[in-house]
Amino acid sequence: MPTNNTATSTPTSSAELTDEQIVERARAKRGGTLLPVHQLMAEVDPQILRKYDDLASDLLFAEQPRALDLKTRYLVLCGITTAVKGDPDGIVWSAKRAMKEGASRREVLEAILLSALPGGVPTVEEATHVFGRIFDDES
(Lines give C-alpha, C1' and ligand atoms only; values in the text may rest on other atoms or scores of the structure.)
Protein backbone atom coordinates (compact mmCIF):
# COMPACT_ATOMS: atom_id res chain seq x y z
CA MET A 1 0.00 0.00 0.00
CA PRO A 2 1.57 3.35 -1.00
CA THR A 3 2.16 5.91 1.70
CA ASN A 4 0.51 9.29 1.60
CA ASN A 5 3.22 11.97 1.42
CA THR A 6 1.05 14.93 2.36
CA ALA A 7 2.06 17.40 5.03
CA THR A 8 -0.16 15.61 7.54
CA SER A 9 1.44 12.20 7.14
CA THR A 10 3.90 11.02 9.75
CA PRO A 11 7.23 9.81 8.37
CA THR A 12 7.94 6.18 9.21
CA SER A 13 11.70 6.36 8.68
CA SER A 14 14.37 9.04 8.79
CA ALA A 15 14.70 8.83 5.00
CA GLU A 16 11.14 10.19 4.68
CA LEU A 17 11.81 13.34 6.75
CA THR A 18 11.74 16.76 5.15
CA ASP A 19 14.89 18.88 5.33
CA GLU A 20 13.31 20.97 8.09
CA GLN A 21 12.32 17.86 10.07
CA ILE A 22 15.87 16.51 9.79
CA VAL A 23 17.35 19.67 11.28
CA GLU A 24 14.71 19.87 14.03
CA ARG A 25 15.18 16.20 14.96
CA ALA A 26 18.95 16.68 15.24
CA ARG A 27 18.47 19.86 17.29
CA ALA A 28 16.00 18.15 19.65
CA LYS A 29 18.38 15.22 20.29
CA ARG A 30 21.06 17.71 21.30
CA GLY A 31 19.09 19.68 23.83
CA GLY A 32 17.82 22.34 21.44
CA THR A 33 21.12 23.33 19.85
CA LEU A 34 23.36 22.14 17.06
CA LEU A 35 27.14 22.11 17.11
CA PRO A 36 28.80 24.10 14.31
CA VAL A 37 29.64 20.89 12.44
CA HIS A 38 25.96 19.89 12.43
CA GLN A 39 24.97 23.35 11.18
CA LEU A 40 27.51 22.99 8.37
CA MET A 41 26.09 19.60 7.37
CA ALA A 42 22.57 21.02 7.36
CA GLU A 43 23.61 23.97 5.23
CA VAL A 44 25.47 21.86 2.67
CA ASP A 45 22.76 19.20 2.48
CA PRO A 46 20.37 18.17 5.27
CA GLN A 47 20.58 14.58 3.99
CA ILE A 48 24.23 14.51 5.11
CA LEU A 49 23.08 15.56 8.58
CA ARG A 50 20.38 12.86 8.48
CA LYS A 51 22.89 10.14 7.65
CA TYR A 52 25.33 11.37 10.30
CA ASP A 53 22.52 11.62 12.83
CA ASP A 54 21.34 8.09 12.05
CA LEU A 55 24.87 6.77 12.64
CA ALA A 56 25.24 8.77 15.87
CA SER A 57 21.86 7.49 17.01
CA ASP A 58 22.93 3.90 16.48
CA LEU A 59 26.37 4.30 18.05
CA LEU A 60 25.78 6.76 20.83
CA PHE A 61 22.17 7.46 21.63
CA ALA A 62 20.82 3.93 21.41
CA GLU A 63 19.58 2.67 24.71
CA GLN A 64 20.33 -0.93 25.56
CA PRO A 65 21.52 -3.52 24.82
CA ARG A 66 25.02 -2.20 24.38
CA ALA A 67 28.20 -3.38 26.07
CA LEU A 68 28.80 0.17 27.38
CA ASP A 69 26.11 2.06 29.24
CA LEU A 70 25.26 5.62 28.23
CA LYS A 71 27.38 7.20 30.96
CA THR A 72 30.45 5.29 29.81
CA ARG A 73 29.79 6.05 26.14
CA TYR A 74 29.60 9.78 26.91
CA LEU A 75 32.78 9.62 29.02
CA VAL A 76 34.60 7.88 26.17
CA LEU A 77 33.32 10.51 23.76
CA CYS A 78 34.48 13.27 26.13
CA GLY A 79 38.00 11.83 26.18
CA ILE A 80 38.10 11.27 22.44
CA THR A 81 36.76 14.75 21.69
CA THR A 82 39.49 16.18 23.90
CA ALA A 83 42.24 13.99 22.39
CA VAL A 84 41.45 14.93 18.82
CA LYS A 85 41.30 18.60 19.77
CA GLY A 86 37.61 18.65 19.01
CA ASP A 87 35.71 21.84 19.42
CA PRO A 88 35.09 22.96 22.99
CA ASP A 89 31.32 22.67 22.52
CA GLY A 90 31.74 18.93 21.87
CA ILE A 91 33.73 18.48 25.09
CA VAL A 92 31.13 20.40 27.09
CA TRP A 93 28.25 18.55 25.44
CA SER A 94 29.63 15.06 26.04
CA ALA A 95 30.74 15.87 29.60
CA LYS A 96 27.32 17.26 30.53
CA ARG A 97 25.61 14.25 28.96
CA ALA A 98 27.88 11.93 30.97
CA MET A 99 27.03 13.78 34.20
CA LYS A 100 23.33 13.65 33.35
CA GLU A 101 23.77 9.86 33.14
CA GLY A 102 25.43 9.79 36.59
CA ALA A 103 29.12 10.53 35.98
CA SER A 104 30.90 12.41 38.73
CA ARG A 105 33.10 15.45 38.27
CA ARG A 106 36.13 13.25 38.88
CA GLU A 107 35.07 10.74 36.21
CA VAL A 108 34.74 13.55 33.65
CA LEU A 109 38.13 14.95 34.61
CA GLU A 110 39.75 11.51 34.35
CA ALA A 111 38.24 10.99 30.89
CA ILE A 112 39.70 14.33 29.83
CA LEU A 113 43.07 13.63 31.47
CA LEU A 114 43.35 10.22 29.79
CA SER A 115 43.30 12.02 26.47
CA ALA A 116 46.81 13.29 27.23
CA LEU A 117 48.20 9.85 26.37
CA PRO A 118 47.12 9.71 22.71
CA GLY A 119 46.66 13.45 22.17
CA GLY A 120 49.41 15.03 24.26
CA VAL A 121 49.24 17.38 27.22
CA PRO A 122 48.26 20.38 25.05
CA THR A 123 44.90 18.69 24.39
CA VAL A 124 44.19 18.66 28.13
CA GLU A 125 45.43 22.23 28.47
CA GLU A 126 42.99 23.28 25.77
CA ALA A 127 40.16 21.43 27.53
CA THR A 128 40.80 23.32 30.77
CA HIS A 129 39.35 26.41 29.10
CA VAL A 130 35.91 24.78 29.06
CA PHE A 131 35.84 23.42 32.62
CA GLY A 132 33.71 26.33 33.83
CA ARG A 133 31.15 25.60 31.15
CA ILE A 134 31.11 21.94 32.12
CA PHE A 135 30.77 22.36 35.87
CA ASP A 136 28.95 25.72 36.30
CA ASP A 137 25.54 24.08 36.22
CA GLU A 138 26.56 21.30 38.58
CA SER A 139 24.48 21.24 41.76
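Tutor: Let's start on the outside: Leu40, Glu43 and Val44 are exposed, on the face of H2 turned away from its buried side. Keep in mind that this is a predicted model. The buried side of H2, which spans residues 36-44, has His38, Met41 and Ala42. Looking down the axis of H2, you'd find its buried residues within an arc of 95°, so they line one face of the helix. As for partners, the buried residues of H2 pack against helix H1 (19-29) and helix H3 (46-61).

Of its 139 residues, 36% count as buried.

Now the rings. There are 2 aromatic pairs. Tyr74 and Trp93 have ring centres 5.9 Å apart and planes at 85°, so that pair is edge-to-face. Tyr74 sits in helix H4 (residues 70-83) and Trp93 in helix H5 (residues 88-100), so the pair ties together parts 19 residues apart in sequence. Tyr74 counts as buried at 3% relative accessibility, and Trp93 does too, at 17%. The other pair, Phe131 with Phe135, is tilted, at 6.3 Å centre to centre and 55° between the planes. Both of these Phe residues lie in helix H9 (residues 131-135), 4 residues apart, about one turn of the helix. Phe135 is buried at 8% relative accessibility, and Arg105 lies over the face of its ring, 4.1 Å from the ring centre.

Note on methods:
Residues numbered from 1 in each chain as written. Predicted model: local features only at pLDDT ≥ 70, side-chain atom pairs only at ≥ 80, totals over all residues. Heavy atoms only, no water. Buried < 20%, exposed > 50% of the residue type's maximum accessible area, 1.4 Å probe, protein only. Helix = DSSP H or I, 4+ residues; strand = E, 2+ residues; numbered from the N terminus. Arc of directions from axis to C-beta. Contact = heavy atoms within 4.5 Å. Phe/Tyr/Trp six-rings, centres within 6.5 Å; stacked < 30°, edge-to-face > 60°. Lys NZ or Arg CZ within 6 Å of the ring centre and 35° of its normal.
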